[in-house]
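Please look over the sequence and the structure below before reading on. The briefing that follows takes up single residues and then the sheets.

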Amino acid sequence: IIHEVFGDVERSDFQNYFESFKSDIDIALDYVKFSKDRTEQDKSPEEIVLHEIQNGETAKCEFKSSLRWNLKTQMNDKKMTYACLKTLAGFLNTHGGTLYIGVSDEGKTLGIKHDNYKNNDQFLNNLFNFIDDALGKHAAALINAEIVTIENKSICKVECPKSIKPAYLKWDKTEELFVRTGPSTWSLAASEIVDYIQIHFSSEK
């Protein structure tokens with residue numbers, strides 16, 4: 001087949017042809033990679049957030065409609081705050097992740113206006129007060145939160161790394177250890193906690 005394609009040429013010429021062809025492919029692949037990287041770099045922070053939201057909830061990404069406002073009952077509800085803190089605890093105790101507050105389960109941008117805080121600073125201050133009270137100062141120091149504008153609505157992006165030690169959620173006189181399993185957050189049974197800590201946190205010490 002090679003002979004039919006290239007004709008009567010020396011073996012060394014075949015090698016030259018192939019090396020040239022391989023070089024052309026490498027150049028093309030490098031250009032594709034460069035173009036892809038350049039496209040990612042050119043995206044604004046808002047575009048990156050929107051892209052993450054469009055990808056839906058995952059083991060490292062979750063949406064909550066509000067920090068304290070129950071959209072169904074139209075009143076403040078501690079269950080909303082608990083749901084946010086539970087997600088953050090799960091991220092801390094597993095592999096980290098990002099919580100978007102002001103986004104529905106379906107990925108619709110709702111905003112945080114319905115939480116009825118005077119301004120973004122008050123929202124963030126209250127968020128970190130909740131984190132400090134329920135998860136402790138160590139957890140609060142790890143977490144980063146900011147207000148971003150998506151589709152003309154303000155939402156809160158909360159980035160949470162993996163903790164080097166277990167983060168227990170203290171709420172209504174109870175103390176629970178939450179972990180992430182896929183796009184869900186689960187409380188470990190008492191019989192599971194010791195083994196989980198030994199497996200997931202012993203190497204962090």
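His114 is placed in the loop between β4 (97-101) and α5 (120-135), where helices (H or I, at least four residues) and strands (E, at least two) are DSSP runs numbered from the N terminus. This is a predicted model, in which local features need pLDDT of at least 70 and side-chain atom pairs count only at pLDDT 80 or more, while totals for chains, interfaces and linings use all residues. Residues are numbered from 1 along each chain as its sequence is written, and side-chain values use heavy atoms, with hydrogens and water left out.

**His114**
- His114 has a relative accessible area of 17% and is therefore buried (buried means under 20% relative accessible area, exposed over 50% and partly exposed in between, with a 1.4 Å probe and protein chains only).
- Apart from its neighbours within four places in sequence, His114 is in contact with Ser65, Ser66, Trp69 and Leu71, contact meaning heavy atoms within 4.5 Å.
- The side chain of His114 reaches the backbone oxygen of Gly111 at 3.4 Å.

**The sheet of four strands**
- This open sheet has the strand order β1-β4-β6-β5 with mixed pairing, two strands being paired if DSSP finds at least two bridges between them.
- Because β1 (61-64) and β5 each have a single partner strand, they stand at the edges, and one side of each is left without a neighbour in the sheet.
- From one strand to the next, the twist averages 25°.
- Strand β5 and strand β6 (residues 153-160) run antiparallel and are joined by seven bridges.
- Helix α3 (residues 45-54) lies across β1, β4, β5 and β6 and runs at about 95° to β5, with axes being lines fitted to C-alpha atoms, for helices over the stretch in contact, and angles running from 0 to 180 degrees between N-to-C directions.
- Helix α4 (residues 78-93) lies across β1, β4 and β6, and runs at about 165° to β4.

**Glu146 in strand β5**
- Glu146 lies in strand β5 (residues 144-150), and its bridge partner in β6 is Lys157.
- The C-alpha atoms of Glu146 and Lys157 are separated by 5.4 Å, although the two residues are 11 residues apart along the chain.
- Glu146 counts as partly exposed because its relative accessibility is 35%.

**The sheet of three strands**
- A further open sheet has the order β7-β8-β9 with antiparallel pairing.
- Strand β8 (residues 174-181) and β9 are joined by four bridges, and Val179 stands opposite Trp186 in β9.
- Helix α7 (residues 190-201) packs on this sheet, touching β7 and β8, and its direction makes about 55° with that of β8.

Definitions and conventions
Polar contact = N/O pair within 3.5 Å; in protein donor to acceptor, adjacent residues only side chain to side chain.
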